[in-house]
Amino acid sequence: MKKIWTINKIVLPQHCDHAGVMWHGTYFNWLEEGRINALSKAGISYVDLTKKGFELPLIETSVKYLSPLMLGDNITVESFFNISKSPKVNIHSEFINKRKKIMTIAEVNLVLINKKNFSIVRKRPDFISKALLELNG
C-alpha cells in the first residue's frame, strides 16, 4: 500500500485573484511545500541535501484543474511518491476539499542531480536511497 503524505492548507487572500479564485502559481508552491515536508519526515532535510551537493529539480509537471479552489477553502494536498531504480522521482498529488472532493490532480517529476556539474545521479547515495524508500512506502 502506498504511503500518503499530506499537508493541510487554507486558500488565503494572497493566494487568489480579484475574483477569489486561487492563482495557478500557488498550486506549485503547495506541491513544493508538500514534497519538502515529506522528504523531511522521511529523514532528509532539503537544506542538508543541498549542503551535501545534491538537488532535486523539477523536470516535468502537469496539473489538471477539475474545479477551482476559492478563497477560504480548506484543502488537503495528498501526495504519493512513485520511486523506482530510474533516476526520476514521480509524485502524484491530489488537492481535496473538506467534502472529500478531488479538486485538482498534479504530477511532478524530479531528478536527483550533483550540484557541482549538474549531472544526473544514477547511483543514489545510501542516505538518499533510504529516505526515498521511506517516501515510497
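Predicted model: local features only at pLDDT ≥ 70, side-chain atom pairs only at ≥ 80, totals over all residues.
Local features require pLDDT of at least 70 and side-chain atom pairs pLDDT 80 or more, whereas totals for chains, interfaces and linings use all residues. Residues are numbered from 1 along each chain as its sequence is written, and side-chain values rest on heavy atoms, with hydrogens and water left out.

The chain contains three helices and eight strands, arranged along the sequence as β-α-α-β-β-β-β-β-β-β-α. These are DSSP runs numbered from the N terminus: helices are H or I with at least four residues, strands E with at least two. The radius of gyration, 16 Å, is close to the 14 Å of the globule rule for 137 residues, so the chain is as compact as a globular protein of that length. That radius is taken over C-alpha atoms, and the rule is 2.2 Å times the number of residues to the power 0.38.

Of the 137 residues, 43% are buried, meaning under 20% relative accessible area with a 1.4 Å probe, protein chains only. In the largest nonpolar core, which has 34 residues, Trp30, Leu69, Phe81, Phe95 and Leu135 touch the most other members. Such a core joins buried Ala, Val, Leu, Ile, Met, Phe, Trp, Tyr and Cys residues through side-chain atoms within 4.5 Å. Among the elements that each supply at least two core residues are strand S1 (5-10), strand S4 (74-83) and helix H3 (126-136); H1 gives the most, five residues.

Leu135 is in contact (heavy atoms within 4.5 Å) with Lys3, Trp5, Ala38, Leu39, Ala42, Phe81 and Ile83, leaving aside residues up to four places away in sequence.

Notes
Buried < 20%, exposed > 50% of the residue type's maximum accessible area, 1.4 Å probe, protein only.
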